[in-house]
Amino acid sequence: MSQSQSENRRIVLASRPHGKPVDDNFRLEKAPLPEAKEGQLLLRTIWLSLDPYMRGRMSDAPSYAAPVQIGEVMTGGAVSRVVGSHSPDFKTGDLVVGSTGWQDYAVVNAGEVKKLEGAALKQPSLALGVLGMPGFTAFMGLLDIGEPKPGETLVVAAATGPVGSLVGQIGKIKGCRVVGIAGGEEKCRYAVEHFGFDECLDHRAPDLDQRLNAACPDGIDVYFENVGGAVFDAVLPLLNTKARIPVCGLVSQYNATGLKEGHDRLSLLASTILRKRLRVQGFIIFDDYGHRYPEFAKQMGEWFEAGKVKFREDVVEGLENAPQAFFGLLEGKNFGKLVVRVGQD
């Protein structure tokens, strides 16, 4: 075995961030190559997914999942090649997807990963996007909680991101008028021209509330929440009676160190929920919908193969560049699904 194959580069959590993560919160280290035992697989990482939820795992505040411990490998989904198998269900060379972290190699129990199938075999990184967790999130959150109906108005924030772009396209398939919100003119133009949104508004430009009001003359029936903050402030007055709000993420708040100063709008939110009989529901995709993954995989695979949904990736080269790419993700600098090419295949 060559020198490069006898050690494992891995990025661990060196300290917990206060506010925005910084370089010192991570450490790139080298360790001996892990060994697989009976029932386990040795995997070589090819593609690593970077996602906003990872910011929450860096904190030890109470959450839906355990935090990454200091000195542990940063958590993350990845597509890997099986380089050693001690399970009859997998053979060397199989491509798999699972939560294996920010590292070159990982050992997992065979039941913790899935073999890639269909279109993902042609472009494996898609298993981290349209055919993976973000696609699953968009699919179940919109269809099960949002319940879009023909002729309704759907608004989605982070409209060119891996979840938001698919929410909008599924909304169009279901006959909705779709209004996106994104950061910058280029992203907004892309949402309309490539993803088929009816309109897309730049949240960085002034008077978002007025522009959103003009874009939604019949109000908002479904708002897919990825962002929170000022975007939700603009959406709230336009929500129709019995509007549905799937709450997927609140990226504008992930680096917050306390409550935002200013007017307390909690009473306004509570009264609006009551008066307009809003359905506001948060969800954790695999916890709540894991049993419905085959339903998603079949339908999204068909839509993707037929060209009914499109997807954009933002590729970063090299494991060592993952932290900087992650910082940019939290500031909206990525354009599409952010993936790191950890190893050549």
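**Ground rules.** I am working with a predicted model, in which local features need pLDDT of at least 70 and side-chain atom pairs count only at pLDDT 80 or more, while totals for chains, interfaces and linings use all residues. I number residues from 1 along each chain as its sequence is written, and my side-chain values use heavy atoms, with hydrogens and water left out.

**Entry 1: the two domains.** I looked up the division first: domain 1 covers 7-128 + 312-341, and domain 2 covers 133-286. These bounds come from an automatic or database domain assignment. I found 28 Å between the C-alpha centres of domain 1 and domain 2.

**Entry 2: where the domains meet.** How many residues of domain 1 are in contact with domain 2? I got 19, facing 14 residues of domain 2, where contact means heavy atoms within 4.5 Å. Between them the two domains bury about 1,400 Å², with 65% of it on carbon and sulfur atoms. Buried area here is the accessible area (1.4 Å probe) that two parts lose on being put together, summed over both. The side of domain 1 that touches domain 2 has eight nonpolar, five polar and six charged residues. For that sorting, Ala, Val, Leu, Ile, Met, Phe, Trp, Tyr, Cys and Pro are nonpolar, Asp, Glu, Lys and Arg are charged, and the others, Gly among them, are polar.

I also checked for salt bridges, meaning a side-chain nitrogen of Lys or Arg within 4 Å of a carboxyl oxygen of Asp or Glu. Between domain 1 and domain 2 I counted zero.

**Entry 3: salt bridges in general.** Side chains of opposite charge can pair when their charged atoms come close. By the rule I noted above, the count comes to 22 salt bridges. I picked out a few.

- D94 and K91 join through their side chains at 3.1 Å, N to O. D94 is buried at 9% relative accessible area, whereas K91 is exposed at 54%. My cut-offs: buried is under 20% relative accessible area, exposed is over 50%, and partly exposed is in between (1.4 Å probe, protein chains only).
- K122 and E305 make a salt bridge at 3.8 Å, N to O. K122 sits in helix 2 (residues 119-122) and E305 in helix 10, so this pair ties together parts that are 183 residues apart in sequence. K122 is exposed at 66%, and E305 is partly exposed at 49%.
- D198 pairs with K172, with their closest N and O atoms 2.9 Å apart. D198 is in the loop between helix 5 and strand 10, K172 is in helix 4, and the two are 26 residues apart. Both are partly exposed, D198 at 31% and K172 at 32%.
- R9, D104 and E320 are linked in a network of salt bridges.

**Entry 4: helix 4.** Is helix 4 mostly covered or mostly open? It is mostly covered: eight of its 10 residues (164-173) are buried. Among them are L166, V167 and I170. The buried residues pack against helix 3 (133-146), strand 8 (153-157), strand 9 (177-182), strand 11 (220-224) and helix 10 (293-305). After helix 4 comes G175, with a positive phi near 90°.

**Entry 5: F197.** I found F197 in the loop between helix 5 (185-193) and strand 10 (199-202). F197 is buried at 3% relative accessible area. Leaving out residues up to four places away in sequence, F197 touches several residues, including G164, S165, G168 and Q169.

Entry 6: Helix 3 has 11 of its 14 residues buried, so it is largely enclosed by the rest of the structure. Its buried residues include F136, F139, M140 and L142. E147 follows helix 3, and its phi is positive, near 45°. E152 is in the loop between helix 3 and strand 8. E152 is buried at 13%, and its contacts include E147, R177 and R244.

Technical notes: Helices (H or I, at least four residues) and strands (E, at least two) are DSSP runs, numbered from the N terminus.
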